[in-house]
Amino acid sequence: MRMHAVDAELVDLIQSYVAERLSLPETPLDHPGSKAQVDALLDGLVTPEGRDPRQVLDLYADHLSQTVLSADSPRFFAFIPAAPTKAALLFDMVVSAASLQGISWLEAAGAVAAENQALRWIADAAGLPADAGGAFVSGGSAGNLSALVVARDTQRHRLVESDGEAARHRRLRVAVSDQAHSSITNTLSILDVDALVVRTADHRLTGDALRAALDADPDPDTVVAVVATSGTTNAGIIDDLAGVGAVARERGLWFHVDGAYGGAGLFAPSVRERYAGIELADSLVVDPHKWLFAPFDCAALIYRRPRLAKAVHTQDASYLDAIHADDGSYEWNPTDYAYHLTRRARGLPLWFSLVVNGTDAYTDAIEHAISLARAVGAEIESAPHLELVREPSLGVVLFRRRGWTAQDYDAWGARLLREQVAFITSTSWEGETIGRFAFLHPGTTLDMVREVLATTA
Ligand SMILES: *Cc1c(COP(=O)(O)O)cnc(C)c1O
C-alpha cells in the first residue's frame with residue numbers, strides 16, 4: 001500500500017516545515033479567516049487519487065495556517081495563551097511518530113510510568129499524599145467532568161450506605177461559586193446535578209461564605225461536593241482553599257479544585273502561599289497546555305484516593321479483561337481514571353521537557369508572567385487615561401481606558417490584530433466591558449506591552 005510505504009521525501013518535506021516553524025524567533029499572530037475564504041481554499045481538494053503532498057503542504061502553510069491565530073505568539077494576550085517549550089513540541093512529534101498510546105500498563109508501561117512521574121511533580125507541588133494519582137486528559141473541561149463524576153458517585157454510594165436505598169434517587173447538589181468556570185456549569189448539567197451557587201464578595205469563594213450558604217440552605221444534606229478555583233480564568237483570583245477545604249472536611253463534602261489555568265502558580269514561590277489548603281483537595285485539575293508550557297491537549301487530573309476514581313471510571317468489557325492484572329502484579333491504567341478509553345500518551349511532551357529543562361526553568365518561566373503582570377499594572381496606574389481595575393493576580397491584568405465603550409475596546413483590538421501588534425480581547429467585569437491582558441509566554445516583554453498601551457492614548 002502506497003500510503004503506508006516508507007517515504008523519505010515526505011519525511012523531509014514535513015521535517016523541514018517543522019524545523020522552519022520551530023526556528024522562528026517569534027511566531028506570527030496571523031489573522032482571522034472568513035468562511036468564504038477557507039471554503040474556497042478547500043473546495044474540491046479531496047479526490048480519489050490524492051494529491052502531491054508538497055502542493056497540499058503549501059496550501060496549508062501559505063493559506064490555511066494564516067487564518068489560525070498563533071496561541072503561542074508572545075503577543076497573544078487574549079483568553080489564555082499557550083507557550084509550549086521546544087522540547088515539549090518536539091517530543092509531541094515522537095508521541096505521534098511512535099503511535100504512543102497510554103491506555104494501560106500492559107500495553108505501555110514505560111510511557112505510563114513517565115507520565116506518572118510528571119503527574120507526581122504536580123501532586124507533590126500541591127502537597128497531595130504519596131498515593132495520589134490520576135491521568136492526563138484532553139483539557140480542564142474533561143478533567144472537571146471526570147472528577148465530578150467520581151465525586152457524585154462516591155458520595156451517592158456513601159449516602160446509600162448510611163441512609164438506605166431511598167438515597168439512590170435523591171437529587172444531589174454541588175456547591176460552586178458565582179465565579180466558577182463555564183465548564184463546571186456544563187459538567188453539572190451533564191451530571192444532572194444542581195448547583196448551590198455561593199455568592200462571592202470580591203470574586204473569591206471563602207470558607208465562611210460556603211459555611212453561611214450551607215447553614216442558610218433548607219436542605220444542606222443534598223450538597224455533596226464543592227468546587228473551588230485556583231485561579232479564575234478571567235482575573236487570576238485564587239479562592240480561599242484552606243477555608244473551603246476545612247468546611248468540606250467538616251461537612252463531608254468532596255473538595256474539587258479547578259486549577260486548569262492557575263494551578264501552575266504552585267511552582268512560583270512568589271505566590272505559593274495563596275494556594276494554602278490545596279493539599280486538602282480530593283481531586284485537582286491543572287492544565288499543562290496552559291501555564292506549564294506543554295502542547296495541546298493536556299490536562300493533569302489527580303485524585304487524593306485514585307481507587308475511588310478507578311471504581312467509577314473502569315470500563316467493563318470482556319475484551320478489556322486482559323489489561324487488568326489478577327495476579328497482584330503492579331498495574332496503573334490511565335484509562336481507568338477518567339471518562340475515556342483510548343488515549344494518546346499526552347503527558348509525555350511535558351515529561352520530556354520537564355526532565356530536559358529541569359524544574360527551575362519552569363519556576364522562572366512562571367514567575368516571568370507574574371512579574372510582568374505586576375509591572376504592567378504599575379504602568380497602567382501611572383497613565384492618567386488608564387485605570388487598573390484590580391491588583392493583577394497571577395498573569396492577568398484587568399484595566400479600564402477612561403471613556404471607552406465596548407465598541408471602542410473591540411475596534412482597538414481589531415486594529416492591533418490587523419497591524420499584528422497584539423491579540424487582545426475585552427472581558428466583562430461587574431457588568432462593564434474592560435480591557436484584559438493574559439500573560440503567560442516567557443517571550444513577552446514589557447516593551448511589547450508598552451507598545452500596546454501606547455495605542456490607547
Ligand atoms: C481553561 C479552564 C478550564 C477548561 O479547560 P480546557 O482545557 O479549556 O478544557 C476550566 N477551568 C478553568 C479555571 C480554566 O481556566
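Modeller: The largest pocket holds about 1,100 Å³ of space. A pocket here is an open set of points on a 1 Å grid over the protein atoms alone, where a 1.4 Å probe fits and protein lies on both sides within 12 Å along at least five of seven lines. Its volume is the space filled by probe spheres set on the points, which are joined across faces, edges and corners. This is a predicted model, in which local features need pLDDT of at least 70 and side-chain atom pairs count only at pLDDT 80 or more, while totals for chains, interfaces and linings use all residues. Residues are numbered from 1 along each chain as its sequence is written, and side-chain values use heavy atoms, with hydrogens and water left out.

The lining of the largest pocket consists of 35 residues, and R21, L22, D72, P84 and L89 lie nearest its centre; a lining residue has an atom within 4 Å of a point. Helices α1, α4 and α13 (359–382) each supply at least two of the lining residues, and α4 gives the most, with five. Helices are DSSP runs of H or I with at least four residues, strands are runs of E with at least two, and both are numbered from the N terminus. By class, the lining has 22 nonpolar, seven polar and six charged residues. Nonpolar covers Ala, Val, Leu, Ile, Met, Phe, Trp, Tyr, Cys and Pro, charged covers Asp, Glu, Lys and Arg, and the others, Gly among them, are polar.

The second largest pocket holds about 400 Å³. It is lined by 16 residues, with R2, D7, L10, R51 and P53 closest to its centre. Helix α1 provides the largest share of this lining, four residues. Seven of the lining residues are nonpolar, two polar and seven charged.

Charged side chains also pair with one another. A salt bridge is a side-chain nitrogen of Lys or Arg within 4 Å of a carboxyl oxygen of Asp or Glu, and the model has 28 of them. One joins R75 and E26 at 2.8 Å, N to O. R75 sits in the loop between α3 (53–62) and α4 (86–97), and E26 in the loop between α1 (8–23) and α2 (35–42), so the pair ties together parts 49 residues apart in sequence. R75 counts as buried at 14% relative accessibility, whereas E26, at 31%, is partly exposed. Buried means under 20% relative accessible area and exposed over 50%, with partly exposed in between (1.4 Å probe, protein chains only).

Another salt bridge joins E250 and R211 at 3.0 Å, N to O. E250 belongs to helix α9 and R211 to helix α8 (residues 207–216), so this pair links parts 39 residues apart in sequence.

Helix α9 (residues 241–251) also forms a right-handed β-α-β unit with β4 and β5. Right-handed means that, with the strands pointing away from the viewer, the path from the first strand over the helix to the second runs clockwise. Strand β4 (residues 223–229) is mostly covered, with seven of its seven residues buried. Five bridges join β4 to the parallel strand β5 (residues 254–259), where D258 is the bridge partner of T229. Strand β2 (residues 173–177) also runs parallel to β4, through three bridges, and V174 stands opposite A225. Two strands pair if DSSP finds at least two bridges between them.
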